Amino acid sequence: MQRRLKSSAIICVGSLLVLAWRPTFADEFTPADIKLWQDEYLVVVKQGRELFTSDKLGTNGVACVQCHPNAANTHPETYPKFQKQLGHVAPLWEMINWCIRNPLEGKDLAADDPRMIALQAYITYERRGVKLEPGKH
Amino acid sequence: MSYMNRRDFLKSSSALLAASTLPLSLIEIAYADTSQNFTFAYISDAHIQHIKGKEFVRNWDRGLIRAVAETNLMDPKPDFVMFGGDMGQLGKREEINHGLELLAPLTYQKHFVIGEHDYYLDLGEYWQKIIGPLHYSFDHKGVHFVVLNSILTYDDWTYNRWPSAEERMLQMADLDNPNGSPFMVGEKQRAWLKQDLAKINHATPLVVFSHSPLQKIYRGWNFWTEDAEQVQALLAPFKKVTVLYGHVHQIQYNQIGTISFHSAMATAWPWPYPATYAQAQSFLPKLTVEMNRADPFFERDATGWQYIDVYSGHVREHYQLAENTRRTVAFNPKTGQPEDTRYQAPDRRLLSQNHY
């Protein structure tokens, strides 16, 4: 019964789509779309800057910005790269967690934690325009 | 080598040998009348940071503890120790008290420069009560020393801009904060300096301490003093002038006219060179051979303290680096500027001195 209802709903929607049909392509986005997406990105950059300058990531009041004004000397353009002390090729987020654990005396963030994404958005934003050089020391 | 005779060279080589086993030995090479030479130690930017109750950030504590212990073991003893400012992180009494407690084991006379992290909570009130004046001068073995408070700023920013003293301190504490304000010595203090120097013969060696560089390097991080040129103009008539500053947490040196500039390392943490910020232009003196890029895995790397030989009125600054080869930047009488005794020539620089 439930399945029949669902399929008739699909037919219904399908016929509406046929009526409203016109060709759409993936390359049809407008300056307004670009602005929207850029604004969305900058919102996350701003959240990243707030985290980067706050005492909330760790437990001892130390903030990332104390050692990295404008996120300098973080070199996001060189990741992933071999970290001698970790013994493997590491992505940027792993080094961010190293900083959170050590100077900040805090707990690791998951790689897909929105805060980790925001931190990376901010760090990368401050380094915009610099060419990618993965692996560089 | 060229300005040492053989005997001096042998003496310094044996001192170097001793230095490799006893890293704290003072290596003194006499260039002129040795009786004129003396040394002092310079510890700066401890950034003691209060957490709560009796808890302080361990990492920054350890840097200052190490500098104090090493300074106490120096032989021969320095004549005095200068603390270059930023004792605390947010100007709290707990931080200044704890900093003084960690400095207390020093067996030498101490002098102090105030930094912005010590000032912008109570505008130096507690500092003046417990430590002393914010600008002053003294004479030692024929050298005139001046201490300036170079981290003042526009009155409007200091007095009218912020809802609370805590907020003002937080705003000034962030180096890259666009709501900050440029440092300055200010008109009143420059008038005092002019008067102080009026009674000093221009041949007298002059050593000036400030927290911020009395030269303009990068305004965005306040590696900057707004009235640097006016202060330099007051120092210019003197034949041998050295300006020593903290604040920048890195090795910098320069020569402008008769004035040599040297910075101090921090005991707390190192800072990147401004040129590593890709979005802005900065003006690091070309003369400076940069310190090594810090290895974050060694928490004391690229931090340290320094001892300074004053010989013939010029200074040799010895950087005592926790995890790096020690460096010496000395006035080269042939070129008339401070130079690194090991790394100055471009082909002698290390891979790790390449910042990007």
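Start with strand E15 of chain B, residues 337–340; its covered face holds B:Pro338 and B:Asp340, while B:Gln337 and B:Glu339 are on the uncovered one. A quick note before moving on: this is a predicted model, where local features need pLDDT of at least 70, side-chain atom pairs count only at pLDDT 80 or more, and totals for chains, interfaces and linings use all residues. Residues are numbered from 1 along each chain as its sequence is written, and chains are lettered from A and ligands numbered from 1 in the order in which they are written. Strands here are DSSP runs of at least two residues (E), numbered from the N terminus.

Find B:Asn332 and its bridge partner, B:Gln337. The two strands form a hairpin with 4 residues between them, and B:Gly336 in the turn shows a positive phi of about 70°.

Next, select strand E1 of chain B, residues 38–43: 5 of its 6 residues are buried (20 or more other C-beta atoms within 10 Å of the residue's own, with C-beta atoms placed from the backbone). E1(B) has 5 antiparallel bridges to strand E12 of chain B, residues 304–311; look for B:Phe40 with B:Ile308 as its partner. E1(B) also runs parallel to strand E4 of chain B, residues 80–83, with 3 bridges, and B:Ala41 sits opposite B:Val81.

Last stop: the contact between chains, with 18 residues from chain A and 17 residues from chain B (C-beta atoms, placed from the backbone, within 7 Å).

How values were computed
Buried ≥ 20, exposed ≤ 12 C-beta atoms within 10 Å, placed from the backbone. Pairing = 2+ DSSP bridges. Contact = placed C-beta atoms within 7 Å.
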